[in-house]
Amino acid sequence: MGHRSWMRSQGFTPEVFDGRPVIGIATTWSELAPCNVHLHRVAESVKRGVWQAGGFPLEFPAMALGETLLRPTAMLYRNLLAMEAEELMRANPLDGVVLLSGCDKTTPGLLMAAASVDLPAVMVTGGPMLNGKYQGTDVGSGTAVWRFEEDLVAGRMTQEECAFAEGCMARSNGHCMTMGTASTMASMAEALGMQLPYSATWPAVDARRYETAQRAGQVVVDLVRQDLRPSAIMTRAAFENAIRVNAAIGGSTNAVIHLLAIAGRLGVPLTLDDFDVLARDVPTLVNLQPSGKYLMEDFCYAGGLPAVIRELDDNGLLHSGAMTVTGAGIGANVADAPCWNREVIQTVADPFQPAGTGTAVLRGNLAPDGAVIKQSASSPHLLKHRGRALVFDSPADYYAVSNDPELDVDEDTVLVIRYCGPRGYPGMPEVSNVALPKKLLLRGVRDMVRICDGRMSGTAYGTVILHVTPEAAAGGPLALVRTGDWITLDVPGRTLTLEVADDELGRRRAGWQPPAPPASRGWTRLYTDHVLQADTGADMDFLLGASGHEVPRESH
Ligand code: FES
């Protein structure tokens, strides 16, 4: 009676307590997370599907992480969302869950939670915005921001034009419509088998997104009846599929961190090197910004992610039998998936970029535990490079002098920005792709090598070495680099080398002091005390693994 009576205050009829599956709908809706602001309406469609299939839907809020407003970075809170959602799913009497996400961190955060609880689950991402339109051309969220900012500094754009462009980029509900982290992670959820085919690519305002959401509501009730859980779907084969799909779509480097973190919840053995090995024989098929030309709306109309997955399957690059939320293997889901535009979705035989141009994993004395670079977003002439370091201990230190015409920098310089890792910043923000020094922009230089222990937005581009591990704040060799040191980058050889002798590095290490912790209390304290390094997904050490969904004790 105690459980039922209070629920009836919402006006439910008694039949909802007849033993039918109770389906939680975890929504990351918030007006502070504009990419997710339409998820209330998506939830209504999910509820229709749950009722149709004989379930009892109950919507509940999970922490909404808006990439554009949260400081110092939404990534600081991904693990908090994962922890909060995990506890809500376990502690409430749910039989299954539908996960509503959109903006970058909300998709991996909810998948991590679902993995640790292991209740039957279906994800519905919110979908991308419509294409941005500015002066007759398509402009992509994020990608265009970096370009406009550089054009403004270089005098190629006026302040008025910039302000006008601002309103032209985000024209509808939805997440970034470039192949940034949100689109990438939506695609990863589909490639992992955790959301329905086409779910990643329908635009947020497309009626078919709502149709898919309703279908997801029906599907989750079936999953409960079949007892098909995330641990049976997100297997090693599913992660290998996701890594290959990420290479084929030219996806964000952030997928590396998030997939490692999700795998860590399931006990699936996955390493940083898997991303390099598995991606090497996969060409980039999708011509989308920031690596290419088109945007998510074009990708959708060209056939969406199923056309890509089918192309990989037809060429033996997919574990076709990997189970999905449809109850069928991923290959069977896309067996008839058409492609309507081969300029947007190219083929393995005639790819947009050849195999081996995806995310590469680098190692060397500057990154003993690894670093990553997105080759497709880099300048080919910089992939083998030797230059002198110009070192800054924060992006702010760099920006304080980046417009100085006397700055001792040229196009061969290697910019080192450090103390931006999980512990250092804290939260490992997307600050690694610092804008080029004004002096070089005015000379027409458009790219230079940058090295950082932080991340880069999936919408960004440039020859930027990311996720250097161990980070500087954890005493990684990055902390020992000095301005003027020579650094050699060899992406084909997968090395990153600081040309300083070991004995000299030993002397520098003896004089190095770790930075003071950024906080003495609260979540930030807990986070910096327990966060793991980027090479294993930057989860908390105490959140690895799963606790299941059982709660044996009553509340009253
Ligand atoms: Fe939310 Fe890009 S800011 S997806």
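1. Basis of the note. The structure is a predicted model in which local features need pLDDT of at least 70 and side-chain atom pairs count only at pLDDT 80 or more, while totals for chains, interfaces and linings use all residues. Residues are numbered from 1 along each chain as its sequence is written, and side-chain values use heavy atoms, with hydrogens and water left out.

2. Salt bridges overall. Side chains of opposite charge can pair when their charged atoms come close. With a salt bridge taken as a side-chain nitrogen of Lys or Arg within 4 Å of a carboxyl oxygen of Asp or Glu, the count for this model is 32.

3. A pair within one helix. Asp314 and Arg310 form a salt bridge with an N to O distance of 3.4 Å. Both belong to helix H14 (residues 304–314), where they are four residues apart and thus separated by about one helical turn. Helices (H or I, at least four residues) and strands (E, at least two) are DSSP runs, numbered from the N terminus. Asp314 is exposed, at 53% relative accessible area, whereas Arg310 is partly exposed at 28%. For these terms, buried means under 20% relative accessible area, exposed over 50%, and partly exposed in between (1.4 Å probe, protein chains only).

4. A pair between strand and loop. In the salt bridge of Arg386 with Glu499, the closest N and O atoms are 2.9 Å apart. Arg386 lies in strand E9 (residues 384–392), and Glu499 in the loop between strand E14 (495–498) and helix H18 (502–510), so the bridge ties together parts that are 113 residues apart in sequence. Both partners are partly exposed: Arg386 has a relative accessibility of 43%, and Glu499 has 36%.

5. A pair between two loops. Asp393 and Arg418 also meet in a salt bridge, at 2.6 Å from N to O. Asp393 sits in the loop between E9 and helix H16 (395–399), and Arg418 in the loop between strand E10 (414–417) and helix H17 (438–442); the two residues are 25 apart and link distant parts of the chain. Asp393 is partly exposed, at 37% relative accessible area, but Arg418 is buried, at 9%. Elsewhere, salt bridges that share partners join Glu67, Asp104, Lys105, Glu430 and Arg455 into one network.

6. The largest pocket. A pocket is an open set of points on a 1 Å grid over the protein atoms alone, where a 1.4 Å probe fits, with protein on both sides within 12 Å along at least five of seven lines; lining residues have an atom within 4 Å of a point. The largest has a volume of about 1200 Å³, a volume being the space filled by probe spheres set on the points, which are joined across faces, edges and corners. Its lining holds 48 residues, and Thr68, Gly142, Val145, Trp146 and Ser457 lie nearest the centre. Helix H5 (143–153), helix H6 (159–169), H16 and H17 each give two or more residues to this lining; H5 gives the most, with five.

7. The second largest pocket. This pocket holds about 930 Å³ of space. It is lined by 28 residues, with His3, Ala91, Asn92, Pro93 and Leu94 the closest to its centre. The elements giving two or more residues are helix H1 (2–7), strand E1 (22–27), strand E2 (56–61) and helix H3 (78–91). E2 gives the most, with four residues.
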